Amino acid sequence: ARTAVITTLRQPGVRSRRRRSRRPESGVLGETRPAGELVRVREVLSEQRLPSTRAAEVAAQLMGHDEVTLAASIVVQAVSEGLISYEEVVVSLGKEVGAITLACLRMEQQLKRQCPGGEEESAALRALLLQNYDVRGLLVAVARRCVALRQNGVVSTSSPSTSSSSSSSSPPSPSPSPAPAPPTTARLAMALETLQVHAPLAAALGAERLREELEDRALETVCPVSYPSLAAWLRERSPELDRALDRAAATLRDALAADDVLRRERVSVDVRARRKGLSSTMRKLLKDGRGRHRLHDLLGLRVIVSPEEEEERDEEAVEEARAVRGCYRVREVAERLWGASLQGREKDYIAAPKRNGYQSLHGTYRLEREAAEAEEVRAELQVRTLRMEETAERGAAAHAGYKGRLNGDEAAELVAVMLEYRRNAAVLQLPEPALAELLLAP
């Protein structure tokens, strides 16, 4: 795709092709000439000036989305600066690119008119945006805010950490040198708005990487002393935590693989490990008002139990019942390894599901210390069936509801929309250097 796009852009007849036909090509990459929308974006902008670095950075945040969204993410910068008009975008790039561009600009105007206050007002504003604007336009607006935070120097350029396994790098931290200057009123207002609107929207739209960076940059502005301090504390403990999580995951896998009860139930288990990210840890501290040494879920283990595939399969309800029994057996094995769960930390959401349909067994366990004088290490264990996992990730109990702060029906509807959008997306996997060459080359 990269070669096709760059080759097409370098062909001498690009401008004459646009004059012959102003109608947009198909929005799905592969049905027509690759990246047709991106080719026309450059043609339109070349009549005024080349896209700015900020436009290229915004598009880079959205690589992997469909080409009309990428086109809108580039052209919206020129429209917002008055270099080209919305009407020109519609004529040259089509109504769909125009609609996404307009949704992005209207969201930004809405935020200028309606400053979010408390959580209730912020929730109402997010609901208004999600119900009335094209979600792709909101996604572009979220990416623009992320780039604006970088370029406006709201925080340092250290990238946030997302850990899906224990082998990932330690949480980043800004340089510890001079004490940070107090944020200006404008920077503080921008950071607070990001935490109230943009970060939850990114979560609701399934853009987890964007959400983490938005929160990371905004939180360091809002908490200029405690946030770097927390990062330094996590960085110092990182090697110890990584080793503890590796040991715990390996120990649990071996114990479950050797368990006769699970074999008799004919179920398989998938053990996953993760480290809590820096911004998520800070949000937890702010929400609960607890000290960092009382954090119970810096380390997490998740076990997914599913029926083994067989030629003669049981009815779905029977297979799920076997998997549920397997979940309770996994908890018994964990208690045999590490003792009972910490008091007040054991939850049975399988027997008593949450209102949004979420089901899982939760418990927090004290892991073995590396040495007698070592600090205590705890890990949260979640155990659920494969069906429960799919509901938690894509149904009404999805993280779009949890981190995007939507109710169950809203989360389920939005997740369905975004899944359909992604199924139809034209995936354009261009690395950032190639993207810069594509957009900014003379």
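Trainee: What makes strand S4 (residues 361-366) largely enclosed by the rest of the structure?

Mentor: In this predicted model, 5 of the 6 residues of S4 are buried, so the strand is largely enclosed by the rest of the structure. A residue is called buried when its relative accessible area is under 20%.

Trainee: Which strands pair with S4, and in which sense?

Mentor: Strand S3 (residues 347-348) pairs with S4 in the antiparallel sense, over 2 bridges. In that pair, Lys347 stands opposite His362 of S4. Strand S5 (residues 378-385) also runs antiparallel to S4, and 6 bridges join them. There, Leu361 has Val383 of S5 as its bridge partner.

Trainee: How do you know that S3 and S4 count as paired?

Mentor: Pairing needs at least two bridges. S3 and S4 have 2 bridges, so they meet the cut-off.

Trainee: What is the order of the strands in the sheet?

Mentor: The order is S1-S2-S5-S4-S3, in an open sheet of 5 strands with mixed pairing.

Trainee: What makes S1 and S3 the edge strands?

Mentor: Strand S1 (267-275) and S3 each pair on one side only.

Trainee: Which helix packs on the sheet and touches S1, S2, S3, S4 and S5?

Mentor: Helix H15 (residues 316-338) does, and its direction makes about 145 degrees with that of S2. Helix H12 (residues 226-257) lies across S1, strand S2 (299-307) and S5, and runs at about 175 degrees to S1.

Trainee: Why is H4 called roughly antiparallel to H5?

Mentor: The axes of helix H4 (residues 53-61) and helix H5 (residues 67-80) cross at roughly 155 degrees and come within 8 Å. Angles over 145 degrees count as roughly antiparallel, so the term applies to H4 and H5. Their crossing is right-handed. On the H4 side the contact is made by Arg54, Ala55, Val58 and Ala59, and on the H5 side by Leu70, Ser73, Ile74 and Gln77.

Trainee: How does the reach of helix H7 (residues 95-113) stand against the expected value?

Mentor: H7 has 19 residues and reaches 26 Å from its first C-alpha to its last. Among the buried residues of H7 are Val97, Gly98, Ile100 and Thr101.

Trainee: What does Val90 contact, leaving aside its neighbours within four places in sequence?

Mentor: Val90, in helix H6 (residues 86-93), is in contact with Lys95 and Gly98. Val90 and Thr101 are 11 residues apart in sequence, and their C-alpha atoms are 9.6 Å apart.

Trainee: Why does Thr221 count as buried?

Mentor: Its relative accessibility is 2%, and the cut-off is under 20%, so Thr221 counts as buried. Thr221 lies in helix H11 (residues 208-222).

Trainee: What share of the contacts with a separation of 6 or more comes from residues 24 or more positions apart?

Mentor: Such residues account for 73% of those contacts.

Terms used
Residues numbered from 1 in each chain as written. Predicted model: local features only at pLDDT ≥ 70, side-chain atom pairs only at ≥ 80, totals over all residues. Heavy atoms only, no water. Buried < 20%, exposed > 50% of the residue type's maximum accessible area, 1.4 Å probe, protein only. Helix = DSSP H or I, 4+ residues; strand = E, 2+ residues; numbered from the N terminus. Expected span 1.5 Å × (residues − 1). Axes fitted to C-alpha atoms, helices over the stretch in contact; angles between N-to-C directions. Parallel < 35°, antiparallel > 145°, perpendicular 65-115°, else oblique. Left-handed = near helix turned anticlockwise from the far one by under 90°. Contact = heavy atoms within 4.5 Å.
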